[in-house]
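Take a guided walk through this structure. Keep the sequence and the 3D view side by side as you read.

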Amino acid sequence: MHFDIALLGFGNVARALARLLDVKAATLRDDYDITFRVTGIATQSRGCAIDPDGLDLQAALRAVEAGERLETLHKGAPVSDTLAFIDACPADLIMEATWLNPQTGQPATDYVRAALKAGHHVVTANKGPVAFAYRELRALAAEQGVGFFFESTVMDGAPVLSVGREGLLATTILRIQGILNSTTNYILSALEQGTDFDEAVRQAQAIGVAEADPANDLEGWDATVKTVVLANVLMGADLRPADVDRTGIMGITVQDTQAALEADERIKLLCEVVNENGVVSASVRPARLPLSDPLSQVSKTSSAVTFKTDTLHSLTIVEGDTDPTTTAYGMLVDMINIARNRYHDS
Ligand SMILES: NC(=O)c1ccc[n+]([C@@H]2O[C@H](COP(=O)([O-])OP(=O)(O)OC[C@H]3O[C@@H](n4cnc5c(N)ncnc54)[C@H](OP(=O)(O)O)[C@@H]3O)[C@@H](O)[C@H]2O)c1
């Protein structure tokens, strides 16, 4: 199968994807019979470039990393904005990795909707469209006969959603618990070591885990949006982030974490989705977990998810050492699944 690919966003994840596509090109061709070229890239502040014959990806990477704009690579009429880009770019597959507003899911939801409506397959790393419009977008993709995949929205490239989709068959998921936000998990680990809250935030920012404005992480928004993805995709719910009982980690002290440790427990920002008699509800809140719980052992920037089902008592997936390439890898797997027509099963 051949894909002409348009990239929405060319930040950390999309640039890692561009490099990974290059590294894996022979594997894609030889093992999966997939060839591709990137025919367009859209950004917010560096303009966009379309070339129906295929862009020079290395030149695009060099330009953006040198702080230059992409227009020098563009062929054809000027394109005014990202929606116009989706309309103009000749592509089979749109790979979306733009910015997320966790309170609205926009503008990415509009981009994914437009891409599906135009008959493109879509792969996104962006939680917003899935948390805010999963049912609508899934139905639209089915109507258009195209794939809509988003493995990287929860735990980066770790196969969490695909385990649910492909592995947890003929079973009822009763509960999902997760440690899904790196910034808060890093800070809670640092508090346990005696580092005070503000200094822990500064350290998380210094190593590039926390954003300059860490409010979305500290208040639990990022974890909440991921929790909604799990609830809606794997447990059939139709929740929105505002439906989640959400408490962040503000106000937790060194003393709180150390008192928990003395009781053989750890404080974690626990994401939880529960199915009680067919009613699915979700929460994100600091919780004391016994040290015997695998989730209590997930420290710093690692993340994990535990499934409890009517046939598997407890299945935990742990992911460590993530970076933009691990996220890009999830997108690459999604692309392979589209080539394998896996979306007809979902
Ligand atoms: N970083 C990770 O490891 C990770 C993990 C899982 C999921 N994700 C998700 O992946 C997405 C991208 O993350 P990232 O780390 O790559 O972010 P990033 O480095 O900030 O890059 C975002 C990119 O999107 C572009 N952009 C923003 N608004 C746009 C718009 N309206 N139209 C077109 N392009 C737009 C930006 O343009 P400019 O270059 O002009 O700013 C930038 O190129 C986010 O949704 C994030 O939540 C990231």
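The paragraphs below visit a helix, a strand, a lysine and a helix pair.

This is a predicted model, where local features need pLDDT of at least 70, side-chain atom pairs count only at pLDDT 80 or more, and totals for chains, interfaces and linings use all residues. Residues are numbered from 1 along each chain as its sequence is written, and side-chain values use heavy atoms, with hydrogens and water left out. Helices (H or I, at least four residues) and strands (E, at least two) are DSSP runs, numbered from the N terminus.

Start at helix 7, residues 182-192. Ten of its eleven residues are buried (under 20% relative accessible area, with a 1.4 Å probe and protein chains only). Among them are Tyr186, Ile187 and Leu188. What do the buried residues of helix 7 pack against? Their partners are strand 7 (173-179), helix 8 (197-206), helix 9 (215-218), helix 11 (254-262) and strand 9 (265-276). Look next at the ends. Asn181 caps the N-terminal end of helix 7, with a side-chain oxygen 3.3 Å from the backbone nitrogen of Thr183. Just after the helix, Gly194 takes a positive phi of about 95°.

Now move to strand 7. Five of its seven residues are buried, so strand 7 is largely enclosed by the rest of the structure. Strand 7 runs antiparallel to strand 11 (residues 303-309), joined by six bridges. Two strands pair if DSSP finds at least two bridges between them. Gln177 has Thr306 as its bridge partner in strand 11. Strand 7 also pairs with strand 9, again antiparallel, over four bridges. There, Ile176 stands opposite Val273.

Lys127 is the next stop. Lys127 belongs to helix 5 (residues 127-144). Is Lys127 buried or exposed? Lys127 is buried, at a relative accessible area of 13%. Its side chain makes a polar contact of 3.3 Å with that of Asp222 (N or O atoms within 3.5 Å, one able to donate a hydrogen and the other to accept it). Beyond its neighbours within four places in sequence, Lys127 is in contact (heavy atoms within 4.5 Å) with residues including Leu100, Thr153 and Val225.

Finish with a helix pair. The axes of helix 1 (residues 12-32) and helix 12 (residues 324-339) come within 8 Å and cross at roughly 45°. The two helices are therefore oblique to each other. Their crossing is right-handed. Helix 1 contributes residues including Leu17, Leu21 and Leu28 to the contact, and helix 12 contributes residues including Tyr329, Met331 and Met335.

Notes: Buried < 20%, exposed > 50% of the residue type's maximum accessible area, 1.4 Å probe, protein only. Axes fitted to C-alpha atoms, helices over the stretch in contact; angles between N-to-C directions. Parallel < 35°, antiparallel > 145°, perpendicular 65-115°, else oblique. Left-handed = near helix turned anticlockwise from the far one by under 90°.
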